[in-house]
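Here's a quick briefing on a ligand site, a pocket and a couple of residues worth a look.

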Amino acid sequence: MEEIDALLTESRTFPPPPAFAAAAHGNTRDPWSRADADYEAYWAEQARALEWITPWKQVLDWKPPHAQWFLGGQLNVAANCVDRHVRGPARNKAAIIWEGEPGDRRTLTYWDLFVEVRKFANVLTSLGVHKGDRVGIYLPLIPECAIAMLACARVGAIHSVVFGGFSPESLRDRMNDAEAKVLITADGGYRRGQIVPLKRNADKALAESPTVTHCVVVRRLAAGVVDDTFSQMQEGRDHWWHRLMEGAPAGHEPQPMDAEDPLFILYTSGTTGKPKGIVHTTGGYLTGVASSTKLVFDLKDDDVFWCTADVGWITGHSYLVYGPLANGATAVMYEGAPDWPEKDRFWSLCEKHGVTILYTAPTAIRAFMKWGDAHPKKHDLSRLRLLGSVGEPINPEAWMWYHEVIGGGRCPIVDTWWQTETGSIMIAPLPGATVTKPGSATQALPGYAVTLLDSAAKEIGIGGGLLAVTKPWPSMLRTLWRDDARYVSTYFSKWDGRPDLYFPGDGAKRDADNYLWILGRVDDVLNVSGHRIGTMEVESALVEHPAVAEAAVVGRAHELKGQALCAFVTVREGQLTSLALRDELREFVARKIGALARPDDILFSADLPKTRSGKIMRRLLRDIAEGRALGDTTTLADPSVVAGLKAQYEAQES
Ligand code: WTA
């Protein structure tokens with residue numbers, strides 16, 4: 001049985017504001033009708049918005065579970081993201097407005113980007129990088145991230161970005177799996193006022209990464225810091241970025257790439273085992289991200305688009321770099337933490353740079369709620385016209401706060417569901433056409449076939465079940481790097497004899513309006529007295545209480561009920577915790593969504609264990625609740641949080 005009970009009902013609805021809808025790119029059901037009428041023709045039309053060197057001969061070749069898109073077509077991603085804008089009216093437009101954590105600023109126009117990307121492409125060639133070679137990128141969030149990624153795309157090299165917060169071991173494993181030839185890093189970066197010693201980490205990694213023969217180092221810190229404090233430049237292997245660029249020729253012809261040539265590998269850690277190298281291609285990936293950026297974010301020429309994700313995650317690849325640049329837009333890039341030097345940093349950035357579209361994660365939104373309204377209220381956020389959310393289910397209360405306090409009640413919210421594997425957004429509203437509901441990602445975008453199935457692959461009408469994708473899509477992952485068997489077993493083996501069905505690993509429910517509500521990872525689903533409950537619903541009920549900022553719910557074995565519910569709760573700033581509050585919260589949940597979901601235990605905690613991309617790690621909370629030794633904690637943002645929680649939980653038990 002893999003059906004999931006649906007407990008929470010949310011009846012608030014938000015139609016697109018009329019003035020917004022009138023000016024929006026997608027303000028009717030027309031894109032869905034066209035996609036439903038002829039699915040391949042719809043995607044061909046989206047792909048034609050790009051610049052192709054050679055037109056494709058066949059839109060789709062689908063031999064489940066392997067798809068190829070735009071066969072015979074050739075294009076270059078860097079030429080699409082830079083060169084064609086330089087030839088047009090966007091030549092002198094800001095492509096990237098960057099701010100460092102210490103407050104330093106740089107703006108690169110499309111012309112500037114053109115100059116830098118071509119030069120760095122020549123640098124890569126001079127280091128022996130050819131089409132198909134792998135290049136590692138391990139940088140702070142600085143403009144060189146985009147320059148390096150685009151230069152790889154220009155010469156046809158496959159980049160693999162490793163988040164700058166990852167350890168030397170993680171970097172080493174990824175470089176070895178990809179057999180990278182070159183690593184691009186920096187002396188360091190800034191995070192919460194501290195220096196992140198990237199070069200020192202890279203040195204440790206490279207000592208055990210035999211395939212990497214060259215390391216290019218961006219100077220981000222004051223001159224001399226690397227040599228004195230962190231590490232030495234290694235003769236022959238290490239080169240300063242600025243020195244190589246000084247000698248690089250200006251001209252460079254982009255390498256024509258087949259639509260199906262890989263553009264990048266991005267490793268996802270997954271919950272267990274070795275990281276998976278997700279492989280994305282050139283033509284399909286760019287089609288998916290370019291089209292979704294324009295439609296979902298209703299991107300216009302004068303927008304200032306800020307996606308707050310790091311380039312180390314797929315969100316940074318698709319909506320900080322490739323999506324906005326493919327559309328000739330202006331993207332904001334910020335290096336540091338949201339609470340540095342003060343908790344209003346995001347709002348000061350929005351005000352200063354005139355951000356019109358903000359795209360961030362529920363974990364950040366809940367942190368802002370916890371910190372209080374005073375921080376955003378200090379700033380003029382009136383230029384904002386659209387807000388986005390990604391990465392986890394957004395609780396209705398967080399959605400409402402985002403809408404009212406950040407969006408001033410006037411900005412539509414696009415809750416966007418997708419994954420590293422899907423490459424681009426799959427389930428989301430079109431802000432000019434879709435009536436939104438707080439907590440629902442609404443419906444599949446035009447051109448996507450998403451449904452809910454039970455464990456026998458039978459479609460579920462209204463109710464909860466397993467999310468499934470029934471048709472291939474252009475930006476889908478093609479395989480796992482050098483592990484196609486794992487690709488097949490992880491994503492296309494959920495339903496026997498149905499290699500055409502993609503399983504994302506998430507549960508969801510469908511309501512009477514055919515809206516989808518993501519309930520969380522199927523692995524996290526709770527099982528209480530024979531009822532399967534998604535974590536999202538109990539957590540949302542808790543967050544609805546005015547004292548609560550964030551909650552994570554897990555199950556622990558229980559003799560009678562199968563599982564008992566354990567809730568880990570963070571309260572809002574200034575709120576005191578007490579036994580009375582604990583009892584009140586248990587009753588609050590029971591009243592909201594039913595006695596079945598009343599938490600057995602509630603533990604107050606200043607923080608919850610999260611991955612570095614901000615997702616709550618329920619697996620570790622389960623270990624705590626079940627009294628087990630903690631599993632792998634290496635992907636945690638702050639390992640001390642979980643150790644502290646374990647001690648607290650055990651003290652409460654005894
Ligand atoms: C979760 C991030 C609910 C989901 C782009 C998915 C979401 C996983 C949403 C992928 C959303 C992402 N609502 N859940 N709007 N967006 N998720 O690979 O569980 O880092 O499977 O990609 O995040 O995470 P990933």
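Which element gives the most to the lining of the second largest pocket? That's H11, with five residues. Keep in mind that this is a predicted model, where local features need pLDDT of at least 70, side-chain atom pairs count only at pLDDT 80 or more, and totals for chains, interfaces and linings use all residues. Residues are numbered from 1 along each chain as its sequence is written, and side-chain values use heavy atoms, with hydrogens and water left out.

**The second largest pocket**

- Its volume comes to about 500 Å³. A pocket here is an open set of points on a 1 Å grid over the protein atoms alone, where a 1.4 Å probe fits, with protein on both sides within 12 Å along at least five of seven lines.
- The second largest pocket has 24 lining residues, and His25, Ala49, Ala290, Lys294 and Asn327 lie nearest its centre. Lining residues have an atom within 4 Å of a point.
- Helix H2 (30–37), helix H3 (39–47), helix H4 (77–86) and helix H11 (283–296) are the elements giving two or more residues to that lining. Helices (H or I, at least four residues) and strands (E, at least two) are DSSP runs, numbered from the N terminus.
- Sorted by class, the lining holds nine nonpolar, eight polar and seven charged residues. Ala, Val, Leu, Ile, Met, Phe, Trp, Tyr, Cys and Pro count as nonpolar, Asp, Glu, Lys and Arg as charged, and the others, Gly among them, as polar.

**Around the ligand**

- The ligand is surrounded by 16 residues (a heavy atom within 4 Å), with Asp415, Thr416, Gln419, Thr420 and Asp506 the closest.
- Helix H12 (314–326) and strand S25 (516–521) each supply at least two residues of this shell.
- A ligand oxygen atom sits 2.9 Å from an N or O atom in the Asp506 side chain.
- On the backbone side, a ligand nitrogen atom is 3.1 Å from a polar atom of Gly391, and a ligand nitrogen atom is 3.3 Å from a polar atom of Glu392.

- Glu392 is in the loop between strand S19 (386–389) and helix H16 (396–406). Glu392 counts as buried because its relative accessibility is 13%, and buried means under 20% relative accessible area (1.4 Å probe, protein chains only).
- Ala148 belongs to helix H6 (residues 143–155) and is buried, at 0% relative accessible area. Ala148 and Glu116 are 32 residues apart in sequence, yet 9.1 Å apart in space, C-alpha to C-alpha.

Notes
Points joined across faces, edges and corners; volume = space filled by probe spheres on them. Polar contact = N/O pair within 3.5 Å; in protein donor to acceptor, adjacent residues only side chain to side chain. Buried < 20%, exposed > 50% of the residue type's maximum accessible area, 1.4 Å probe, protein only.
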